[in-house]
Amino acid sequence: MSYLSEHQLLIQDTLNRVLGDLCPKQIVDSAERGEFPSALWGALSETGLTLTGLPEEHGGSGGDPSDAMLVMKGAGKFSAPIPIAENFLGRMLCSEFGLSAPKGITTFSDGSFSISPDGMLSGSSSETAFGRWSDSVVLIARHGDESYLCSCPCEAFEINEKNNIAGEPRDEISIKKKLLDDQFILAEGVSRRARLLGAASRVAQMSGALESILEMSVSYSIERTQFGKPISKFQAIQQQLATMAGEVAASIRAAQSIHLSRELMIELDVAIAKARVGEAVGICTDIAHQVHGAMGYTLEHSLNHRTRRLWAWRDEFGSEKDWQTEIGRFFSGNASGNLWDQITLLA
Amino acid sequence: MFQGLAFNPFTLPPEAEALRSEVRKFLAESLDPASLPNSDFNAGDSSDFSKALGQRGWIGMTWPKQYGGQDKSFLERYVVTEELLAAGAPVGCHWIADRQTGPLLLKFGSEEQRKEFLPKIVNGDCFFSIGMSEPNTGSDLASIRSTAKKVEGGWLLNGSKIWTSYAHTNHYMVALVRTEPASENRHAGMSQVIVDLKDNNVSINGIKNLSGEEDFNQVFFDDVFIPDDRVVGEPGNGWAQVISELGYERSGPERFLSAFRVLVEYSRELTSDASDDQLSVLGRLVAHLITLRRMSISVAGMLENGETPITEAALIKDVGNAYERLVPEVVRLSQTRNPSARFLETLNQCVLHAPSFTLRGGTREILKGVIARGLGLR
């Protein structure tokens, strides 16, 4: 029995079909060599999946953010080398804070920017995801104690191409430009919101990638023969894969809690999921590589597409340690001992 | 995705949440705040407490009214059990009767057995022990040697059971015994029988665990007469009956709450001057706990829907037990400069009990085998 709605099952089917056709290993490889997978992005745009979970009145495909999490999980499962999460994040922030919808492929830049009251934007960011392939950049700029959400065409930036350890574009970008009046807006609390949506996106992507490496590891253990039998028949291998299955199941469950959240609790649910899934990554990638042996350590095997992304994503938008500290702060100092009361408030 | 790894979100219904505040009120009134509670379900017992709980209708609450139950949902029971454990209530007396014996009798027992035992269990007057392990039988349960031979009007039981918690205070044991010699089909020829622990031919020797407590025992049967009407289910069907208990035994909150009081005391210790490292330890453990609880509630939902989540239950116990073992290990390295005596005592008690977490109810290795089967590896 599925807990997904019919609408979500349709999203999942379409997504799996497009990714299955247009995101094979070669596409991920060529993207890591610098080639934008335009056919893949084009097909996802045509089906509306790049705008899933964004309000229609803001140019989106409608639905709610849990639909977008579903798309990101699927993209993570295939290591899709596209700004699916960043496009959602940048556009969602614009929609929530009242900025008009950005044009084209959109990314979000987490950097150090400032803006003057007349719209003079300056600053830089050292790791802007997919900056070189984007049409618009959404970013947060400060003026004194105030935060502004800004949206700006990519041509306005100077871009220095860099990659993360997964070969995903994480570009240095810088800007000094006067913005038009409709390109920036005062946005209280936008930094926190961006960090939460960003962390939630990475959780979804990681849960998909973890599911994928479990499937790959189980299949490989059944195919690979040593000492005259499939290595899946050895207890040592079975026990490792069982441990991994527990971590993957917990990760998927933690990720699912985000989109079911009541509004007030969303921050804690995201924190819990990023902390829990981030911790699972180390355990699961260790086991997946151990089971795959030397073959999994090569660029030739697609396991590395998943594991390198997992290692990058667990550190982005707050590592597990960062989020654990936040959770700890929330639950600490319970002199009255009401820790349990607080825990049971989270459904 | 693999069978048995999907823990679909499930929310406890309003009637279950409503019950929560009632249970909390009861616990606030009946537990001594100065005592050092322990949420390990096997580490505290009080027949008075069990009796009081029975009077509230919180033992056997899912059972039909005709046997004294409340006809409540499995989810309402879930709330009661997790509240009891989180508060560190002394639940040892009635725990097994409520969790396992009652459901077993309802599913396989005779009408006569149900009428005789269930109302007494519900009242908190009748406590059961589990009779599975033997001196030479641990994880390999099918290798049991305790044997009941057919005699006129019943069976004559000889042999021994071990690691039997509360055998010295409980009234009965449901023992898995051989009623036919072992054959090629290792799982055939076993039966479950109800043994009166006060019988003159039953002798009980306490075994001290490494913390010095004596809550488990070795139980010896020397020509113990088991009347025919004390066999549960069909003779020979014992193995299937034992397996059916496991979904209930392995997925509940007792599989990840055993170390919870350490967390409570630790969160009390962390005041405004706590370091980020200390806060992150608390946060890490809470993140695990909340995720496990959500998984466990998902399984409670499946049980309520009549499903049999064997792999899911094994998985919760495996991940949950690993978590219970982790708690004291990371907390001890992040304690405050001047820890309270209460914190230290709770931590030390947990360290001493921790080895049992990954043994009872199926060892870590057995559980991983069940999960591996769910993954299609065996």
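**Exercise 1. Decide whether A:Thr344 is buried or exposed, and identify which residues it is in contact with.**

Solution. A:Thr344 has a relative accessibility of 8%, and buried means under 20% relative accessible area, exposed over 50% and partly exposed in between, with a 1.4 Å probe and protein chains only, so A:Thr344 counts as buried. The residue belongs to helix H11 of chain A, where helices (H or I, at least four residues) and strands (E, at least two) are DSSP runs numbered from the N terminus. With neighbours within four places in sequence set aside, A:Thr344 is in contact with B:Arg20, B:Arg24, B:Glu82, B:Glu83 and B:Arg293, contact being heavy atoms within 4.5 Å.

The model is predicted, with local features needing pLDDT of at least 70 and side-chain atom pairs counting only at pLDDT 80 or more, whereas totals for chains, interfaces and linings use all residues. Residues are numbered from 1 along each chain as its sequence is written, chains are lettered from A and ligands numbered from 1 in the order in which they are written, and side-chain values use heavy atoms, with hydrogens and water left out.

**Exercise 2. Work out how helix H8 of chain B is placed, and what its buried residues pack against.**

Solution. The buried residues include B:Phe260, B:Arg261 and B:Glu265. Next, look at the partners, which are helices H10 (320-331) and H11 (339-344) of chain A together with H3 (74-86), H9, H10 and H11 (341-357) of chain B. For B:Phe260, leaving aside neighbours within four places in sequence, the contacts are A:Leu339, A:Trp340, A:Ile343, B:Ser39, B:Ala86 and B:Leu289.

**Exercise 3. Describe the crossing of H9(B) and H10(B) and the classes of residue in their contact.**

Solution. The axes, which are lines fitted to C-alpha atoms over the stretch in contact, with angles from 0 to 180 degrees between N-to-C directions, come within 10 Å and cross at roughly 160° for helices H9 (residues 276-304) and H10 (residues 310-332) of chain B. Angles over 145 degrees count as roughly antiparallel, and the crossing angle therefore makes H9(B) roughly antiparallel to H10(B). The residues of this contact divide into 15 nonpolar, 3 polar and 2 charged, where Ala, Val, Leu, Ile, Met, Phe, Trp, Tyr, Cys and Pro count as nonpolar, Asp, Glu, Lys and Arg as charged, and the others, Gly among them, as polar.

**Exercise 4. Find where A:Phe227 and B:Asp71 lie, and what phi each takes.**

Solution. A:Phe227 is in the loop between strands E8 (225-226) and E9 (229-230) of chain A, and its phi is near 55°, a positive value in a residue other than glycine. At 76% relative accessibility, A:Phe227 counts as exposed. B:Asp71 lies in the loop between H2 (47-56) and H3 of chain B, with a positive phi near 60°.

Conventions: Angles under 35 degrees count as roughly parallel, over 145 as roughly antiparallel, 65 to 115 as roughly perpendicular and the rest as oblique.
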